[in-house]
Amino acid sequence: MTKPEHFDRLNNKIELGDVVVFPIANNLYIGRITKLNPKMVKVEEIKDKSSRWKREYNKYSVDIVKVPEKDAIVFLLKNT
């Protein structure tokens, strides 16, 4: 069985461990790809150390956008 290939909204190839931005309701969150399913990808929300629970969401790949990891780190450091 071949590994599924997924591409984000901007047609960038998505792989395990990539940092992405994804929507929940009317908000955008930063997360990391943890699993590639045949139709969807599993995204774990990146939170600060104070948060107790890590949440994972199944999202269609066209609903997420891959971002450079250093940009996500800078954003998280500025807003925590």
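Reader: Where does Lys 59 lie?

Author: Lys 59 lies in strand β6; helices (H or I, at least four residues) and strands (E, at least two) are DSSP runs, numbered from the N terminus. This is a predicted model, in which local features need pLDDT of at least 70, side-chain atom pairs count only at pLDDT 80 or more, and totals for chains, interfaces and linings use all residues. Residues are numbered from 1 along each chain as its sequence is written, and side-chain values use heavy atoms, leaving out hydrogens and water.

Reader: Is Lys 59 buried or exposed, and what is the nearest side chain of opposite charge?

Author: Buried means under 20% relative accessible area, exposed over 50%, partly exposed in between (1.4 Å probe, protein chains only). A salt bridge puts a side-chain nitrogen of Lys or Arg within 4 Å of a carboxyl oxygen of Asp or Glu. Lys 59 is buried without a salt bridge, and Asp 63, the nearest side chain of opposite charge, is 6.1 Å away. A polar atom of the Lys 59 side chain does lie 2.8 Å from the backbone oxygen of Pro 23.

Reader: Which strands make up the sheet, and in what order?

Author: Strands of a sheet pair through backbone hydrogen bonds, either parallel or antiparallel. Here, pairing requires at least two DSSP bridges between two strands. The open sheet has five strands in the order β6-β5-β4-β3-β7, with antiparallel pairing. Because β6 (56–59) and β7 (65–66) stand at the edges with a single partner strand each, one side of each has no neighbour in the sheet.

Reader: How many bridges join β4 and β5?

Author: Five bridges join β4 (residues 27–36) and β5 (residues 41–45) in the antiparallel sense. Lys 35 has Lys 42 in β5 as its bridge partner.

Key: Lys, Arg positive; Asp, Glu negative; His and termini not counted. Polar contact = N/O pair within 3.5 Å; in protein donor to acceptor, adjacent residues only side chain to side chain.
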